[in-house]
Amino acid sequence: MRDIKKVELHLHFEGAAPPAFIRGLAQEKNVDLSKIFREDGSYAYRDFSHFLQVYEAATSVLTGPEEFARLTRALLEESASHGVVYTEAFLSPDFCGGGDVAAWREYLAAIQEVADTAERDMGISLRGIVTCIRHFGPEQAKAVATCAAETASEWVVGFGMGGDEMMGAPSDFAWSFDCAREAGLAITTHAGEWGGAKSVRDSVEALRPARIGHGVQAIDDPELCDLLAERDIVLEVCPGSNVFLGVYPKLEAHPIQRLRDRGVKVTISTDDPPFFHTTMTREYENLSRVFGYDESDFADFANTALDAAFCDEATRDTIRERLTHE
Ligand code: ADE
Ligand code: ZN
């Protein structure tokens, strides 16, 4: 499973930080983060809203471009070791300069430099999706969208939204998504992880995304599934995350196969792997055990993800070669 070539579309930068990495930075900076770790060294949180708090506490030691450069190297080494050849990762200017465009450019330059080196050394390509955080509110999202629009490029390819889906309405963020779209960025948004099928529908109508982060609760509305299938809206499904956070009690209850059966395009990602004790290899192993997925299913996931990737066509061709010939 580890050796199968993979494409990942839904990975949060900060959420990919191993606990030992964050603990090490906390020690360097003399910051007491002991309450966010269990005795065994893993992240400690009770539920989704506490997860968001622990996540934000962990980011408090990612204080500058240098820390993000180190994180980029660590996450790309980890992903490459699991057969990932292309990954799109969410970057939040909120944690990279607080929404200031000049500061954001410095973080981006540091991250891109490491990504370019990793591409040569490890055969993994990274692209960024600038992401606003829903519970930080629509005004802060405008600053983030401005950062995104100012730095749209071959590398900054998309705009998205994560955070607490139960806060506000998607339409509150329409200005930010329109701003990003006008700058040429492709659109994804978290929806239907916690907010039900209605949240997916509202997001599709208000924000017109090409992809949805999670989106799994669309399964409860058959007409919505048909709409997603008709419009070719691709789901970034993160099964291990959904089970670990309790969206579904166990993988057997996860709707991934029912979504596929209804013609909805799905891809596989890890979301925040160390927080959920997962990796792309583990996702594949668990899906194989529970749903009987085999090489052809995994090829389908990788090709669907590559078709839905926000990169340019030359990059897509390069990655297709990696999927088929290596
Ligand atoms: N940010 C990081 N992980 C997230 C998740 N699973 N849902 C919403 N926002 C997030
Ligand atoms: Zn996510």
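Helix α2 (residues 48-59) gives the largest share of the shell around ligand 1, three residues; helices here are DSSP runs of H or I with at least four residues, strands are E runs with at least two, and both are numbered from the N terminus. This is a predicted model, where local features need pLDDT of at least 70, side-chain atom pairs count only at pLDDT 80 or more, and totals for chains, interfaces and linings use all residues. Side-chain values use heavy atoms, without hydrogens and water.

Around ligand 1 sit H12, F48, F51, Y55, G162, G163, H190, E193, H214, D271 and D272, with a heavy atom within 4 Å as the criterion. Sorted by class, that shell holds three nonpolar, five polar and three charged residues, with Gly counted as polar and Tyr as nonpolar.

A nitrogen atom of ligand 1 lies 2.7 Å from an N or O atom in the side chain of E193. For the side chain of D271 the corresponding distance from a ligand nitrogen is 2.8 Å, and for D272 it is 2.7 Å. Taken alone, ligand 1 exposes 260 Å², and the protein buries 97% of that (Shrake-Rupley, 1.4 Å probe).

As for the overall fold, the protein comes to 13 helices and eight strands. Its C-alpha atoms fill a box of roughly 50 × 45 × 40 Å along the principal axes.

Notes: Residues are numbered from 1 along each chain as its sequence is written. Chains are lettered from A and ligands numbered from 1 in the order in which they are written. A polar contact is a pair of N or O atoms within 3.5 Å; within protein, one must be able to donate a hydrogen and the other to accept it, and residues adjacent in sequence count only if both atoms are side-chain atoms.
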